[in-house]
Amino acid sequence: MSTRALTGPAPAGLRFHPLRDSATMLRRNLKRMLRYPSMTVTLVGMPVVFLLLFVYVLGGTLGAGLGGPVPGGGAGGRAAYANYVAPAIILMTVTATVQGTAISIAMDMTEGIITRFRTMHIARVSVLTGHVLGSLIQAVFSLAVVIGVALLVGFRPTAGLGAWLATAGFLVAVTFALIWLSVALGQVSKSVETASNLPMPLVLLPFLGSGFVPTDSMPAGLRWFAEYQPFTPIIETLRGLLTDKPIGNNAWIALAWCAVIALGGYLWSKRLFNRESSH
Amino acid sequence: MTIKQSRPAIAATGLRKSFGDQVVLDGLDLNVQPGTVFSLLGANGAGKTTTVKILSTLISADAGDVQVAGHDLAREPDAVRAAIGVTGQFSAVDNLLTGEENLLLMADLHHLARDEGRRRATRLLEQFDLTEAGGKPASTYSGGMRRRLDLAMTLVGSPRVIFLDEPTTGLDPRSRRNMWQIVRDLVAGGVTIFLTTQYLEEADELADRIAVLDHGRVVAEGTAEELKRRIPGGHVRLRFADPQGLDAAMRVLGQASRDNDALALRVPSDGSLRSLKTLIGRLDDLAIEVDELSVHTPDLDDVFLALTGDSTNEKVTPR
């Protein structure tokens with residue numbers, strides 16, 4: 001072998017192709033999802049089960065307790081509650097999906113394939129963006145299923161086409177932000193088990209906000225937390241878009257939260273991915 | 001030797017690495033010529049994997065200069081990555097994808113054209129005896145198949161320097177021999193192989209040069225033969241046609257040990273030409289007829305144990 005061959009490829013060969021590599025990684029992640037469908041089913045199943053529980057088991061009582069003018073103008077009771085709870089269940093679909101993101105990231109990290117990627121001349125971020133895009137597609141699929149089921153069990157949105165499009169865009173923004181957070185949580189986990197537990201607070205937060213009951217029914221301390229935590233403006237925005245309730249400044253607050261979470265999650269993820277293994 | 005004049009495929013000087021207060025590499029120097037197999041031999045925990053991780057850009061060294069494929073490791077890690085391939089101890093395959101999909105994934109990441117990627121994947125599956133298993137998920141593969149797929153994935157990008165970190169650990173003897181053949185074929189194609197192993201036999205079979213790593217330092221380096229010659233315990237075996245010859249030689253050589261059944265003598269010797277000349281000269285002077293003469297050097301096991309010290313008195317304190 002000659003010296004010339006050893007001194008390496010032309011600089012042009014050293015260019016990075018982040019878009020092309022991300023697309024490759026996305027294909028890999030979609031294939032993995034298809035090979036491992038039980039995870040997707042579990043992730044869609046959870047919000048559906050919660051939806052059925054809250055509408056059919058708790059809905060009658062909770063709906064009666066909503067009082068006042070019922071959002072969506074349903075017939076009170078169960079029907080009113082279906083309208084009230086749907087945005088929270090929609091958000092729960094997103095949090096379940098990002099829980100899946102953390103799990104698949106952690107699965108990747110515990111397997112040797114990531115080590116291989118690290119020694120290859122590829123755009124590093126594509127390993128993560130592949131997961132982000134894959135999860136985004138999975139979330140869109142899950143949201144379609146869950147919203148479909150919600151419509152079947154009595155959710156009656158009043159949104160027109162414009163409001164639906166705004167809802168879709170808003171949900172993508174929320175999902176995108178939470179996915180990046182989850183990518184970091186998946187990397188920070190030492191095992192797949194930890195990764196499935198770490199995003200748990202995300203699943204619980206809609207309960208500690210305006211997702212399932214109005215915040216003014218809560219005790220003072222909890223109420224304060226519920227009103228200021230990020231999921232409340234997100235839920236209120238969804239509720240407003242879908243059932244014609246006034247949104248107020250919730251949309252801006254929600255989008256600001258999304259920007260902060262997305263940026264923080266992205267920077268944290270990037271730092272975690274570039275850190276060296278300790279051994 | 002023309003090979004000495006070419007630029008080394010891997011050159012490292014004064015490589016140091018500590019994890020906390022545990023010193024793993026303590027001033028490592030390496031020089032690997034292109035197109036050769038260089039074997040880093042050492043017990044578990046000697047620092048082999050750490051060395052591979054540093055040389056393959058996975059972790060950075062605390063100190064030292066490294067050039068891999070002509071590129072500075074610290075300043076041009078991307079250029080190094082473009083030139084190397086790594087197959088580590090733990091299989092780096094995607095278990096949910098099939099063997100073929102794993103190879104195509106690599107082809108895509110190397111930005112090969114679709115046709116070229118498919119061609120290369122098919123050829124590698126054939127070459128590594130995985131054609132039949134190519135459509136099955138890697139999770140169903142045996143240890144040997146997985147290791148072959150792992151190496152095949154490394155080869156998709158036609159790397160010029162390949163790091164093999166204990167490539168045959170945990171493989172059955174047949175798979176091990178297959179792997180050895182694969183390595184020989186690669187080197188024949190001009191690739192440089194940096195191989196770590198704890199099997200002396202493996203280094204003996206494959207390596208052009210061997211460095212013995214102990215406590216983060218190279219304690220000896222050379223060809224397998226050179227290393228063996230450094231260790232006392234070699235001998236010359238003489239076989240005679242009849243007991244008279246044996247008796248006569250025994251009288252002349254004195255300190256030899258005899259094997260009456262085989263009509264053979266075992267004479268201590270360092271195996272050097274000079275000592276052989278002397279020996280043959282003495283036998284010649286008395287016209288003693290020797291049927292067969294063979295020189296036995298110690299095997300690498302002897303070398304390894306002599307160089308790295310007995311494992312029972314291994315230093316327990318880190319420094």
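Two strands pair if DSSP finds at least two bridges between them. Helices (H or I, at least four residues) and strands (E, at least two) are DSSP runs, numbered from the N terminus. This is a predicted model: local features need pLDDT of at least 70, side-chain atom pairs count only at pLDDT 80 or more, and totals for chains, interfaces and linings use all residues. Residues are numbered from 1 along each chain as its sequence is written, chains are lettered from A and ligands numbered from 1 in the order in which they are written, and side-chain values use heavy atoms, leaving out hydrogens and water.

**First sheet of chain B**
- B:Ala12 stands opposite B:Val66 in S4(B).
- Strands S1 (residues 10-19) and S4 (residues 63-68) of chain B pair antiparallel over five bridges.
- They belong to an open, antiparallel sheet of four strands, ordered S2-S1-S4-S5 (chain B).
- S2 (22-32) and S5 (71-72) of chain B are at the edges with a single partner strand each, so one side of each has no neighbour in the sheet.
- Helix H1 (residues 48-55) of chain B packs on this sheet and touches S1, S2 and S4 of chain B. Contact means heavy atoms within 4.5 Å. The direction of H1 makes about 60 degrees with that of S2(B).
- Axes are lines fitted to C-alpha atoms, for helices over the stretch in contact, and angles run from 0 to 180 degrees between N-to-C directions.

- Another open sheet has four strands in the order S12-S13-S11-S14 (chain B), paired antiparallel.
- Its edge strands, S12 (257-259) and S14 (290-296) of chain B, each pair on one side only.
- Three bridges join S12(B) to the antiparallel S13 (residues 264-268) of chain B. B:Arg258 stands opposite B:Leu265 in S13(B).
- Helix H9 (residues 243-253) of chain B lies across S11 (235-240), S12 and S13 of chain B, at about 15 degrees to S13(B).

**Domains of chain B**
- Chain B splits into domain 1 (2-229) and domain 2 (235-297). The bounds come from an automatic or database domain assignment.
- The domain centres of chain B, taken over C-alpha atoms, are 45 Å apart.

**Chain A**
- Chain A has twelve helices and zero strands.
- Its C-alpha trace spans about 85 × 40 × 35 Å along the principal axes.
- Helices H11 (residues 231-243) and H12 (residues 250-274) of chain A pack at about 130 degrees, with axes 8 Å apart.
- H11(A) and H12(A) are therefore oblique to each other (under 35 degrees is roughly parallel, over 145 roughly antiparallel, 65 to 115 roughly perpendicular, the rest oblique).
- Residues in this contact include A:Pro233 and A:Ile234 in H11(A), and A:Ala254 and A:Trp257 in H12(A).
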